[in-house]
Number of protein chains: 4
Amino acid sequence: MTTIGFIGLGTMGSPMAANLLRKGFAVAVYNRTPGKAAELLKLGASAASSPLEAAAQADVVVTIISNDSAVEEVYYNEQGILAGLKPGRTIIDSSTISPALAKRLAADVAARGGSFLDAPVTGSKDGAIAGTLLFMVGGSKETVEANRDVFLAMGREIVHMGENGSGATAKLGHNAIVGINAAALIEGMAIAAKGGLDMPSFLRVVQGGGAASKQADLKGSKILAGDYSVQFSLALMLKDLKLGSVLSDGLGVPTPMLEAAKSLFQAGQAKGYGEEDLAALARVYEEWIGRRI
Amino acid sequence: MTTIGFIGLGTMGSPMAANLLRKGFAVAVYNRTPGKAAELLKLGASAASSPLEAAAQADVVVTIISNDSAVEEVYYNEQGILAGLKPGRTIIDSSTISPALAKRLAADVAARGGSFLDAPVTGSKDGAIAGTLLFMVGGSKETVEANRDVFLAMGREIVHMGENGSGATAKLGHNAIVGINAAALIEGMAIAAKGGLDMPSFLRVVQGGGAASKQADLKGSKILAGDYSVQFSLALMLKDLKLGSVLSDGLGVPTPMLEAAKSLFQAGQAKGYGEEDLAALARVYEEWIGRRI
Amino acid sequence: MTTIGFIGLGTMGSPMAANLLRKGFAVAVYNRTPGKAAELLKLGASAASSPLEAAAQADVVVTIISNDSAVEEVYYNEQGILAGLKPGRTIIDSSTISPALAKRLAADVAARGGSFLDAPVTGSKDGAIAGTLLFMVGGSKETVEANRDVFLAMGREIVHMGENGSGATAKLGHNAIVGINAAALIEGMAIAAKGGLDMPSFLRVVQGGGAASKQADLKGSKILAGDYSVQFSLALMLKDLKLGSVLSDGLGVPTPMLEAAKSLFQAGQAKGYGEEDLAALARVYEEWIGRRI
Amino acid sequence: MTTIGFIGLGTMGSPMAANLLRKGFAVAVYNRTPGKAAELLKLGASAASSPLEAAAQADVVVTIISNDSAVEEVYYNEQGILAGLKPGRTIIDSSTISPALAKRLAADVAARGGSFLDAPVTGSKDGAIAGTLLFMVGGSKETVEANRDVFLAMGREIVHMGENGSGATAKLGHNAIVGINAAALIEGMAIAAKGGLDMPSFLRVVQGGGAASKQADLKGSKILAGDYSVQFSLALMLKDLKLGSVLSDGLGVPTPMLEAAKSLFQAGQAKGYGEEDLAALARVYEEWIGRRI
């Protein structure tokens with residue numbers, strides 16, 4: 001039986017680990033805040049006391065951590081993954097990080113005889129629970145194939161993007177579109193609201209026309225209800241747009257849409273909406289137009 | 001039998017008039033360029049020699065014309081609709097025009113004892129042919145109800161947005177989102193392309209994730225194929241963004257996303273891509289990144 | 001002695017008319033709000049009861065009015081300038097209006113045998129008082145030359161830009177730069193303030209370096225003092241950026257900088273700072289960064 | 001006599017080192033490309049074979065190097081400054097780098113008993129030759145005072161901004177304004193050119209009005225002449241805007257103006273104008289408007 005070391009038990013990680021357990025994998029979990037492991041231990045997980053320990057006993061290590069610097073800690077600290085990595089192991093990182101870091105991790109894992117896949121996901125919390133995530137994966141195709149069962153325990157689809165770093169790049173390109181589409185929806189709704197339209201009707205038109213989008217489906221009616229309970233927080237959206245901006249700067253791609261969206265989410269963060277759903281950007285527009293959307 | 005005066009036989013107007021004929025309406029058609037009527041005459045339409053003549057013999061007049069100034073001509077010229085309008089008639093304008101003009105038309109039609117609906121559509125050419133357009137309508141709810149059969153001969157859904165001008169406002173808010181979402185898709189694809197990703201895989205991720213949108217569905221694979229045959233021209237997209245910008249300026253809504261998109265499509269227009277599909281904005285990015293998307 | 005009809009006694013118009021009186025011109029003044037004429041009457045002006053009356057008795061008419069629609073009223077109303085215009089007269093309009101309206105006014109004045117110059121100014125209130133305005137003038141060079149003494153009674157320099165409409169175009173291009181440079185200053189100061197710099201030192205660096213600008217000189221220390229008493233109001237700045245945006249849209253010039261600035265001033269207007277100086281845009285950034293600049 | 005170790009003999013560094021020699025300092029120079037030292041050796045400089053050697057024999061080390069990674073090399077390599085640094089020495093870095101790196105250098109210099117000042121300059125090549133640079137300095141006020149003679153041999157003014165990192169922050173805030181003002185000028189000129197204005201007249205208006213700026217003075221007539229010989233390259237301008245964007249992201253300051261400018265210069269870089277003067281951004285607009293500015 002394949003043993004999984006699973007590191008990072010946040011909003012996404014916990015249900016992903018639970019799905020691995022349900023599919024019969026042995027899973028050793030580690031999280032910086034230990035309390036988060038309790039429910040998984042009930043489901044049969046074992047507890048590791050450090051990333052090193054989680055990695056040392058595993059065939060495959062899965063990590064999903066909030067940002068570049070937290071990922072660096074988990075991999076490079078004294079009690080980090082790399083310190084305990086044995087040759088022949090596979091590491092799958094599903095964090096949203098910079099492609100530059102993904103490539104560095106891949107090189108350092110390879111230097112220790114392991115294989116690294118950067119494999120961020122789309123699907124958010126609901127998809128993590130339902131096991132319907134889509135993985136966009138950078139790294140060797142052979143490693144991807146060898147770990148199909150691990151991926152498909154957590155998600156419904158694996159898309160191979162290219163060599164290491166490609167998964168991370170795909171995620172940032174994808175999330176740039178998410179952020180822009182969400183801002184587009186909200187800006188259009190602000191025009192409609194200030195223009196005095198019946199708002200459910202406007203949303204109906206958006207969802208039924210060329211303006212339709214996943215973001216309109218996910219956020220439209222929540223915005224009308226003023227419900228900003230977190231599915232994907234504004235702060236994380238902003239983080240990804242910042243990573244996307246640095247990536248684009250490095251690639252030399254002018255990205256005026258991404259930058260315009262980034263400035264808006266930054267205004268939302270500055271207003272204190274970072275820990276609400278990204279749809280709370282609507283509040284920035286509501287203050288501008290002096291009325292509810 | 002209701003007699004329709006139909007004015008404006010462009011990409012959208014011709015199939016809409018054809019659908020009215022197929023549903024059994026008597027239709028008198030007028031177009032500035034007379035040749036465009038030929039096929040409709042074969043389907044049983046009669047030819048009017050002016051907007052006035054088309055309006056004079058009709059119970060309901062439908063107009064769908066390219067822009068504000070062309071609409072003004074058709075309504076206000078000596079041989080225009082208003083000159084031939086009899087009391088009790090209904091005029092449905094499906095052009096994409098400024099809400100200010102829609103309100104003026106409504107007032108001038110009302111002054112002649114008629115009823116005006118601003119009723120732009122979403123659905124593009126394919127929807128016009130299939131009769132699956134969605135109408136977003138401003139004006140009296142009674143007039144909308146009284147003309148359900150006319151609308152449903154051409155489309156699948158009628159959404160009442162509010163008083164006159166609301167249909168036009170909804171269309172501009174909707175199309176602002178269309179333009180931004182299309183630019184988002186293309187910018188994300190440019191990042192992906194410059195980042196060396198497998199592009200069909202990236203598009204798969206976009207369509208399967210939170211970045212999914214109608215624009216991604218409609219344009220994604222066409223962009224990869226370099227197919228910019230017109231469904232909705234870049235020049236018309238730009239026109240609508242300009243109208244949306246003026247509308248937002250008047251309403252006092254800051255619209256940084258719309259403006260960023262407008263500048264991009266303006267660059268596309270300046271490069272000579274106005275008569276291609278709006279997806280030809282991809283060419284602007286392709287020149288920037290020095291390779292095909 | 002040349003008789004001047006002077007219409008529009010606002011912040012700029014009053015001191016301009018006063019300077020004409022001081023230089024010995026006979027001046028008949030008109031303003032919609034009559035009270036504003038009081039001080040000029042003491043300086044020897046006569047009062048006209050309508051634009052028509054002011055124009056009828058004058059050799060040269062000078063107008064400086066707040067916006068396109070107010071200008072249209074003053075020229076085209078029953079008691080407007082054109083109704084009282086005799087052949088051979090010159091009209092100088094120093095309002096900031098759209099080039100399209102300037103061209104229309106020029107044509108309608110010419111049709112009545114007169115000559116029209118669109119001649120907006122730069123220099124603001126202080127320059128109007130000191131008589132050091134710069135006129136950027138569109139229209140026939142001969143008419144400009146024939147009226148040098150009128151211009152130089154109010155300003156220090158006349159720059160001929162080209163045919164009618166060119167003065168208005170120059171003003172909008174100029175003011176686009178003003179708005180962008182002011183926003184640039186404020187954004188740079190926001191970075192500096194949030195970065196914890198000594199702000200007078202930062203301003204010193206800006207004024208002494210490549211970032212120096214007239215806006216930095218005029219607004220920098222006022223912003224540090226929180227002094228937003230009006231020199232040029234935020235609402236008028238926004239008006240000019242909107243006109244500039246429409247002009248650029250018509251010309252087909254992509255203007256991402258102008259649009260970004262316009263969105264910012266729109267946010268300032270929405271926040272209620274329209275009647276303060278344009279430098280009150282700093283307040284928008286102060287709310288974003290959570291501290292004083 | 002104070003001995004200076006001078007590292008970085010580029011466009012700015014060479015004339016700065018020459019001015020130190022002229023004022024009587026002993027100067028040991030190092031540059032990665034050794035040929036660049038030839039002229040300074042004639043003026044009396046001695047040649048160091050590595051940063052370590054230059055630092056080891058000096059009382060004060062001055063560095064001015066192109067970017068973060070080149071600075072890191074010069075300080076941290078085996079033959080780098082830190083390896084040869086003796087306690088009590090002062091290091092002045094006039095490179096334009098990220099405040100984060102400036103703070104790290106300061107800490108590492110302090111750990112070796114030295115004092116570090118981040119002291120970027122404004123004034124460009126001409127100011128470096130004339131010795132009229134302005135230094136914006138972060139670090140201890142005592143260290144600044146103790147080195148006044150060194151600074152004033154190269155420049156005319158020292159502005160103390162605050163603790164270490166403040167000089168770097170000030171430079172990035174300053175250069176953000178430079179980039180935006182330059183883009184503003186060019187965009188305004190593009191509107192004017194497409195609007196058919198007499199361009200020298202327009203520039204006269206800009207320089208005489210509220211739109212006046214150092215960038216208009218430095219670049220306006222050069223743009224009209226199509227002269228893009230480098231004073232400050234487009235690639236370096238873009239580099240500084242990227243650093244400014246990352247800094248603002250870290251500080252949480254929304255910077256829509258900076259981002260709009262960054263996208264434009266990125267388009268210029270993508271078009272191949274990176275090694276021309278930053279004013280070559282005008283070429284991007286020229287292509288958009290289809291005519292010369």
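Student: Which residue of chain B comes closest to the rotation axis?

Tutor: Please bear in mind that this is a predicted model. Two copies of a chain are related by a rotation about an axis and a shift along it. Here B:Ser213 is the residue of chain B that comes closest to that axis, its C-alpha lying at 1.9 Å. Chain B is superposed on chain A by a rotation of 180° with 0.0 Å of shift along the axis, and the RMSD is 0.1 Å. The two copies are therefore related as by a two-fold rotation axis. Both copies use the same surface, since 100% of the contact residues of chain B recur in chain A.

Student: How many residues does each chain give to the contact, and what area do the chains bury?

Tutor: The size of an interface is often given as the accessible area lost when the parts come together. In this model, chain B gives 57 residues and chain A gives 57 residues. Between them they bury about 4,700 Å², with 72% of it on carbon and sulfur atoms.

Student: How many salt bridges are there between chain B and chain A?

Tutor: There are two salt bridges between the chains. In a salt bridge between A:Arg204 and B:Glu157, the side chains meet at 2.6 Å, N to O. The count of residue pairs in polar contact is 22.

Student: Which element gives the largest share of the side of chain B that touches chain A?

Tutor: That element is α9(B), with 17 residues. The residues on this side of chain B comprise 32 nonpolar, 18 polar and seven charged.

Conventions
Residues are numbered from 1 along each chain as its sequence is written. Chains are lettered from A and ligands numbered from 1 in the order in which they are written. This is a predicted model: local features need pLDDT of at least 70, side-chain atom pairs count only at pLDDT 80 or more; totals for chains, interfaces and linings use all residues. Side-chain values use heavy atoms; hydrogens and water are left out. Copies are superposed by least squares on the C-alpha atoms of residues with pLDDT of at least 70 in both. Contact means heavy atoms within 4.5 Å. Buried area is the accessible area (1.4 Å probe) that two parts lose on being put together, summed over both. A salt bridge is a side-chain nitrogen of Lys or Arg within 4 Å of a carboxyl oxygen of Asp or Glu. A polar contact is a pair of N or O atoms within 3.5 Å; within protein, one must be able to donate a hydrogen and the other to accept it, and residues adjacent in sequence count only if both atoms are side-chain atoms. Helices (H or I, at least four residues) and strands (E, at least two) are DSSP runs, numbered from the N terminus. Ala, Val, Leu, Ile, Met, Phe, Trp, Tyr, Cys and Pro count as nonpolar, Asp, Glu, Lys and Arg as charged, and the others, Gly among them, as polar.
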